[in-house]
Amino acid sequence: MILRRVLALPSWHGQVRVLAGEAGVDGPLQTVRPALDASGTPGEAELVVLVRPLDADWRVDTLLRRCADAGAAGVLLPGPEPLTASRLLADRLSVPLLTSTADPLELLVDARMLLAAPDLDRATAVLATHRAVGERLLPPEEVVTVLRRLTRVPVAVLDDRGGLLAGELTGAARVRVSEPVPQRVDLDDGGVLLAHPAVLPRPSVWLAAELGERDAPRADVVAATLAVAAGAVQRWLLANRLELERDARSRSALLGDLLRPESEPGADLRRRAADAGWRLGGWHVGLRIGVPAEVDTVARTQEVIRALRAESVDAVAVEHGEGWTGWVTFDQEPTAQRVRTLSARLRAVHRSLRRTLDADLGVGRPHPHPDGLAATVAEATDAARLAATRQETGHFLHVDQLGMAQLLLEWTRTDTFDPAARALLAPLNSAPGDLIRTLAVYLDAESSLAETATVLGVHRNTVAARVARIEQLLDIDLSRPDERLALHLAARAVILARP
Amino acid sequence: MRITAADVPALERGVALLGSGGGGDTVTSAGLLRRLIESGREPVVHAITELAADTLVVPVGLVGATAAFTEKLPGGDEFGTAIAAIERWTGVRGQALMSIEIGGLNGLLAPVIARQQGLACVDADLSGRGLPRLDQFSVAATGRGVAPAALAEPGGQVVVLAAGSDALVERGARAFLASSGGWAAIALAPIPAGELAGHAVTGTVRAALELGTRALAVGESPDRPALAEALGGRVLARGRVLEVSRHVGSSRRGSPGFGRGSVTLADHQDGALLRLEMENEYLLALRDGEPVASTPEVLSVLDHRTGAPVLCDAIRVGAEVDVVCLAAAPFWTDPRRLPMVRPRAYGIDCDPVVSQ
């Protein structure tokens, strides 16, 4: 045992100051002896705890001297601070000189407990943490508050990218978030950063604590505390998740009912929409955020809503399939200017979402009434699907800008066209080179070999060769407008249907 | 032994060294002595062997706040009044005078008073160094007793403490001093010269003169061995004062205590910390927490450059000083008398450190 470890005890921390002789706090400590005055002879590796102030301050000096001669661990003085002379002497002799205004006997008892049973401190801390966070469901903020109180060090909850969710921590960036195992990082200033992951549910969050130099010897205790508290955070996340899921399912169902092509929603449906805070009257502008299938939409709904709020877009957003469906409601038919403003804001929302999400955003045109809601949402959905293939528009499309493309898209969505298109282009599938994409780009580029080569990133001669092979495989002449139109539509339909 | 103008600086330095940081500033009494010599009346100090055994010697001196003596000068005949009072009380006439305390201003005062009173001055005193209390006089240590004692203060009041224990005489004198001018002339009952060898510290004026002469001869900023040899003592430390702490001392026997304090300096030689515990005098020296010297040895702090002793109430942080330790008078190292002047006599619970 060393004195530094005793100094990190909860009852000692903040109550006992190392006035001088700091160089000696890493020396061995075997016994803690109470003393009424300075007359006794200190033992080796012994900490002398004076239970009452000395009658004369020069006695501090003689005691320090005897401690140095005996190899004692240090002196703890209650009451008034000793003179500078004693501090200088403690530094010179490297005998730790501690002062405290707390009851010296209580300090002594705690130090002796630690010496007798070093694990007791950890066990006590774990039990206290368990009592504080074990029974009830606590949000991360409260877990942080409880831990700060128990450990007296800065504690924080971090997300899976190391961002702060609750609490404060200067060294949060030092947590290696890619390795979901308990971590201990030694800091440059002698302190220690501890982190414990709560692995379920995905994405994992972290409970981290930063210990200063004084607390560092107690890192094992704090680590055990974090492990207990990480369980509490995990429970809260799971319970929260359960609620989110239940909520999401009911909203998805409501949305599905609203979008069903019926003439007029019934009284029950109106009631459910009102309960959810959705307005069915007025003019609606639909929006659709499409994301890859692996994105956990339920977990990230809050993120989407935050992004919308950040741009002052008062929109409903509901997890729906692979993405979110939503809309903005206006009291009156929105002017072109208002629609443009909304579009610009949604563009900003989209940009902020794309920092963390591979999202495509489609926006519909304004339509009135509940049936108009379904219409604008359908437009937005089409726009989002199209946006997925339109890198050039930044994966953002507003139906106002769609024009002909939208019309074509509607045609290709019919049940008869899709199989026909596949059949038409089937010969190209087995040939080397992405001939279907080459064909689509070639026709998009108004049959320009050079433009097609640029878009695909290949040499124009390659494009020429591919076009020749397409004509040969399909037995078709691309200079004829009718055939070109049919192939263009078919190629677009097949590409959109791709996963 | 005739004291000439040339002897004054050496005698002054000698008594200041023996003051151990106390005994009062010697400037005023040295001025009085110099003035006397300039007027052609050089005082003569007689060794006790030069006197008949039945010569009655009156111990005289100044007690109380020595700083007040510098500010509130003698009105004229306080010493004559005190001597007259003790003569009247005891019914015998003094034929010679001696100092109550060689350390500090009293060491210079006795020859002056003797010359003024037309009496002989004896080379002896009741302290052998600087001592703060009446009940520490050698006559108290030998059992002869301090009472009766006559005090005359510059305002004209005269008090005779006729009887009582030494401690009571001390308390009575302090109470009188506190209610009067701060200082007073004191005269004790005459002692036959033949008894002085047993009841006083003898030869101290000559010793102070010799000590002062050697101290002055060593010059400014002497090296440590030279200083130690000149003073016949030890140099405990040489360095800069880091801390001076003063506080009101604990009271003893119901009377308010003298101011207490400590001085700490770092030795230039090895960085060791030397701490002096002081009251009116420097009483205990700790070197790195270990007691290395204590009263009754004489602890003096000297200005490093000039070698002039620095009084306890004049020591300041930042001063460059030498701390020296001079051997105790053999009178005090006698085990029967040591308790009167050991650190515990000053409330410092530490065994005396007396070097051989």
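Two residues are in contact if their C-beta atoms, placed from the backbone, lie within 7 Å. This is a predicted model, in which local features need pLDDT of at least 70, side-chain atom pairs count only at pLDDT 80 or more, and totals for chains, interfaces and linings use all residues. Residues are numbered from 1 along each chain as its sequence is written, and chains are lettered from A and ligands numbered from 1 in the order in which they are written.

Select V159(B) to begin. V159(B) belongs to strand 6 (residues 158–161) of chain B; a strand is a DSSP run of E of at least two residues, numbered from the N terminus. V159(B) counts as buried (20 or more other C-beta atoms within 10 Å of its own, placed from the backbone) because 20 other C-beta atoms lie within 10 Å. Leaving aside neighbours within four places in sequence, V159(B) is in contact with L151(B) and F176(B).

Next, select A82(B). Beyond neighbours within four places in sequence, the contacts of A82(B) include V60(B), L151(B) and I186(B).

Finally, display both chains. Here 15 residues of chain B are in contact with 13 residues of chain A. On the chain B side, strand 10 (234–248), strand 11 (259–267), strand 12 (273–278) and strand 14 (290–294) each give two or more residues.

Terms used. Helix = DSSP H or I, 4+ residues; strand = E, 2+ residues; numbered from the N terminus. Buried ≥ 20, exposed ≤ 12 C-beta atoms within 10 Å, placed from the backbone.
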